[in-house]
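Biologist: Could you put the structure up on the screen? I'd like to go through it with you, one question at a time.

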Amino acid sequence: MEENNVSYEVALKVIENGKEESKRILNNKAKLEKLLRDIEKKCESLPGWLQGLKYVPILASMVSDYYKKKYTVIPKGSILAVVSALTYLVVPGDLIPDILPGAGYLDDAAVILACVKLIKSDLDEYIEWRDKLLEQE
């Protein structure tokens, strides 16, 4: 996985620093639903060339299924990392302001890619679970 201008180490620190807030979000249905809505809105405005952000919908789906207790086999640390990374997408004060055309999303993509790299095996298991579930419907 290629790393962007924002270093992988900085992106991991962002995820780690967001874990306490992530715990609060996971324990508050209204906050979680707001976060997921905010993520969907943000993804609608993203340029297509930011490939790292293609994982956002699947990560949001994972959090939703975890919260609804449909998918709970993911380790708590992994789900906290995901919520932390997704929260970073919608906070106004990130490393590179989103108002900068194109460049403003590089830090968002770096944080998402760092999270995906961090939880890759858990993400692969979730995708496999979800695909099997969709086949049964």
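Modeller: A term to start with: a salt bridge is a side-chain nitrogen of Lys or Arg within 4 Å of a carboxyl oxygen of Asp or Glu. This is a predicted model, so local features need pLDDT of at least 70 and side-chain atom pairs count only at pLDDT 80 or more, while totals for chains, interfaces and linings use all residues. Residues are numbered from 1 along each chain as its sequence is written, and side-chain values use heavy atoms, leaving out hydrogens and water.

Biologist: Is E128 buried or exposed, or something in between?

Modeller: Buried means under 20% relative accessible area, exposed over 50%, and partly exposed in between (1.4 Å probe, protein chains only). E128 has 46% relative accessibility, so the label is partly exposed.

Biologist: How far from D65 is the nearest side chain of opposite charge?

Modeller: D65 belongs to helix α4, residues 56–67. Lys and Arg count as positive, Asp and Glu as negative, and His and the chain ends are not counted. D65 is buried yet has no salt bridge. The nearest side chain of opposite charge is K70, and its distance is 4.4 Å.

Biologist: How are α4 and α7 oriented to each other?

Modeller: Axes are lines fitted to C-alpha atoms, for helices over the stretch in contact, with angles from 0 to 180 degrees between N-to-C directions. Here the axes come within 11 Å and cross at roughly 75°. Angles under 35 degrees count as roughly parallel, over 145 as roughly antiparallel, 65 to 115 as roughly perpendicular and the rest as oblique. So α4 and α7 are roughly perpendicular.

Biologist: And what about α5 and α6, how are those two oriented?

Modeller: Helix α5 (residues 76–90) packs against α6 with the axes 9 Å apart, at an angle of about 170°. That makes the pair roughly antiparallel.

How values were computed
Helices (H or I, at least four residues) and strands (E, at least two) are DSSP runs, numbered from the N terminus.
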